[in-house]
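Here are my notes for your first look at this protein. Keep the 3D view open while you read.

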Amino acid sequence: TIIGSPDKIASVRRLDRELTLDEIAAQISGVDLILTEGYKREARRRIEVSRQAQSTSLISRPEELLAIAADYALELGVPVVDLNDAAGLVDLIEREVLKR
């Protein structure tokens, strides 16, 4: 399936298997950053989102985390950004990942 508009195009296709992040990234060009959701088994640093109303147990180990976006205080030795602080999260990504 192809979805198009005057300034964008996207394709949806069936796969025989789930692609790795490296396989997906190899198909993307012209970008500085790729954000994904899921892929918990991939060995990548991640930003884990945690809502106190759901659970305060994290999925990731601290050494796997770039940061945590949460609506409660945490002390794990990694940056914690308020869940509603999009600008703070962008600043952290720019500083730690894009190194601008």
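**Notes on the fold**

1. Start with valine 31: because its relative accessibility is 47%, valine 31 counts as partly exposed (buried is under 20% relative accessible area, exposed over 50%, partly exposed in between, with a 1.4 Å probe and protein chains only). Valine 31 sits in the loop between helix H1 (21–25) and strand E3 (46–50); helices (H or I, at least four residues) and strands (E, at least two) are DSSP runs, numbered from the N terminus.

2. A word on the source: this is a predicted model, where local features need pLDDT of at least 70 and side-chain atom pairs count only at pLDDT 80 or more, while totals for chains, interfaces and linings use all residues. Residues are numbered from 1 along each chain as its sequence is written, and side-chain values use heavy atoms, leaving out hydrogens and water.

3. Now look at strand E4 (residues 65–70), where 6 of 6 residues are buried. E4 runs parallel to E3, with 5 bridges, and parallel to strand E5 (residues 80–82), with 3 bridges; strands pair if DSSP finds at least two bridges between them. Arginine 46 is opposite leucine 65 of E4.

4. Which residue in E5 is the bridge partner of isoleucine 68? That's valine 80. Leaving aside residues up to four places away in sequence, isoleucine 68 also touches others, including Glu48, Leu58 and Pro79 (contact means heavy atoms within 4.5 Å).

5. Elsewhere, strands E1 (residues 2–5) and E2 (residues 8–11) run antiparallel, joined by 4 bridges. A hairpin of 2 residues links E1 to E2, and isoleucine 2 stands opposite serine 11 in E2.
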